[in-house]
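User: I am new to this structure. Please take me through the terms and say what each one rests on.

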Amino acid sequence: MTNDAQRHSPPELPRGFVDARVVRRRQISDGVVLLDLDVPTNSGTTTAAGSHIEVFLPLGVGGEVRHYSVCRAEEGTIQIAVLRETDGRGGSAWMHDHADVGVTLMARGPRNTFTYAPTGPALFIAGGIGITPILPMIEEAREAAIDWKLVYAGRSLASMVFADELVRAGGDIALWPADTRGRVDLGEVIAHTSAETTIYACGPDRMLTELRALCAVSGHTLVSEDFSIGRMEEAASVDVRVESDDREFTVELADGTEVVVPRGCSILTALGGAGIRTLSSCQRGECGTCETPIISGEADHRDRVLSEEERAANEVMMICISRAKGDRLVLDL
């Protein structure tokens with residue numbers, strides 16, 4: 001275990017990361033620890049429901065990034081819940097074993113890629129630890145007097161963190177512990193959901209895949225977050241999508257270094273091959289970790305993070321998946 005004076009960080013803070021001190025720690029189930037982090041007020045934008053923070057951990061060579069949804073945020077304190085992944089890549093285990101009260105982590109954000117709009121009826125569907133980004137959405141729905149319902153599925157009632165708290169607070173809540181109720185019938189849930197209701201979902205891949213298929217047929221609006229991406233415990237390198245008009249281009253860094261990016265190779269991979277380390281997590285253009293400022297040149301944006309307005313502004317890009325429209329990009333790296 002670490003002592004209070006130990007600081008887990010590389011020699012230099014990566015871009016945008018700040019010190020985040022663990023000020024409270026609670027074990028809320030056998031596999032989930034709740035951490036309150038004291039984060040400087042100027043470390044990010046206003047925290048909205050669905051936001052997450054990035055935590056830089058001393059894993060592997062130089063460190064790796066993990067994403068955690070914000071359960072609550074107030075007065076400079078951000079609360080996250082960390083599920084210990086027995087078959088993960090070590091990030092959650094490190095947090096469970098080392099993130100004690102007094103330890104200073106490195107964090108960036110919050111960032112919101114799972115936006116909630118409290119303007120109409122909502123159905124919240126959570127699977128397991130996917131309840132964490134849903135919690136502040138429910139609070140906003142209550143404050144806005146919006147009609148809402150929660151369907152919360154888990155392996156067992158004991159494993160479903162925040163279940164007791166949610167039930168005590170009241171509302172239209174359906175708990176589905178698989179060991180006593182079986183697997184939730186999502187088709188039945190969608191069939192009894194009005195057409196004007198927006199569905200917000202976070203949970204395992206199987207749940208989200210099924211929901212996407214169901215909503216494609218029913219016509220419901222589905223806003224979802226793939227929590228395997230949010231945690232980045234299952235992140236792995238994937239093939240870059242190759243378009244017919246893709247071509248080789250050159251990336252120039254702020255210090256004048258030039259790296260050629262071949263067709264079928266990502267900027268991230270090309271930089272790594274040249275010995276230039278950059279932060280990344282999903283490598284699919286879905287998390288925002290590798291966001292990089294553009295000095296000059298035009299990006300061919302292929303991510304799922306930036307809005308159309310942000311793409312048009314051409315100020316930043318996700319170098320794990322996006323490319324150059326021309327022969328050269330100059331990046332602030």
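The questions and answers below go from the whole chain to its sheets and cores.

User: What kind of model is this, and how confident is the predictor on average?
Analyst: It is a predicted model. The chain averages a pLDDT of 84, and 86% of the residues score at least 70.

User: Which stretches have a pLDDT that stays under 50?
Analyst: Residues 1-11 are one such stretch, with 24 contacts beyond four places in sequence in the model. Residues 229-239 are another, and there the model has 38 contacts beyond four places. Where pLDDT is low, the predicted coordinates should not be read in detail.

User: How many helices and strands does the chain have?
Analyst: There are 9 helices and 18 strands. Of the 333 residues, 49% count as buried. The accessible surface comes to about 15500 Å², and carbon and sulfur atoms hold 47% of that.

User: What share of the contacts with a separation of 6 or more joins residues 24 or more positions apart?
Analyst: That share is 63%. A contact here requires heavy atoms within 4.5 Å.

User: What makes six of the strands a barrel?
Analyst: The 6 strands close, in the order β1-β2-β5-β4-β3-β6. Their pairing is antiparallel. Neighbouring strands of this sheet are turned by 45 degrees against each other on average, direction ignored.

User: How do you know that β4 and β5 pair?
Analyst: Two strands pair if there are at least two bridges between them. Strand β4 (residues 64-74) and strand β5 (residues 77-83) are joined by 4 bridges, so they pair, and they run antiparallel. Valine 70 has isoleucine 80 in β5 as its bridge partner. Glutamate 74 is bridged to threonine 77 in β5. The hairpin of β4 and β5 has 2 residues between the strands, and glutamate 75 takes a positive phi near 50 degrees there.

User: What makes β3 and β4 a pair?
Analyst: The cut-off is again at least two bridges. β3 and β4 have 6, in the antiparallel sense.

User: Why is tryptophan 94 called buried?
Analyst: Buried means under 20% relative accessible area. Tryptophan 94 has 10%, so it counts as buried. Tryptophan 94 sits in helix α1. Its C-alpha atom is separated by 8.7 Å from that of proline 58, 36 residues apart along the chain.

User: Which strands form the open sheet, and why do two of them count as edges?
Analyst: This sheet has 5 strands in the order β13-β12-β18-β14-β16, with mixed pairing. β13 (258-261) and β16 (316-318) each have a single partner strand, so one side of each is left without a neighbour in the sheet. The twist averages 40 degrees from one strand to the next.

User: How do you know that β12 is a partner of β13?
Analyst: Strand β12 (residues 249-253) is joined to β13 by 4 bridges, against a requirement of at least two, so they pair. They run antiparallel.

User: What makes a set of residues a nonpolar core, and how many residues has the largest one?
Analyst: Its members must be buried nonpolar residues joined through side-chain atoms within 4.5 Å. The largest such core has 30 residues. Phe124, Ile131, Leu150 and Tyr152 have the most contacts inside it. Elements that each supply at least two residues include β7 (122-127), α2 (134-143) and β8 (148-154). The largest share, 5 residues, comes from α2.

User: What does phenylalanine 124 contact beyond its neighbours within four places in sequence?
Analyst: Its contacts include Ile134, Met137, Ile138, Leu150 and Tyr200. Apart from this core lies another, of 24 residues, among them Phe249, Val251, Cys265 and Ala324.

Note on methods: Residues are numbered from 1 along each chain as its sequence is written. This is a predicted model: local features need pLDDT of at least 70, side-chain atom pairs count only at pLDDT 80 or more; totals for chains, interfaces and linings use all residues. Side-chain values use heavy atoms; hydrogens and water are left out. Buried means under 20% relative accessible area, exposed over 50%, partly exposed in between (1.4 Å probe, protein chains only). Accessible areas come from the Shrake-Rupley method with a 1.4 Å probe; for residues, only the protein chains shown count as cover. pLDDT is the predictor's confidence in each residue, from 0 to 100. Axes are lines fitted to C-alpha atoms, for helices over the stretch in contact, and angles run from 0 to 180 degrees between N-to-C directions.
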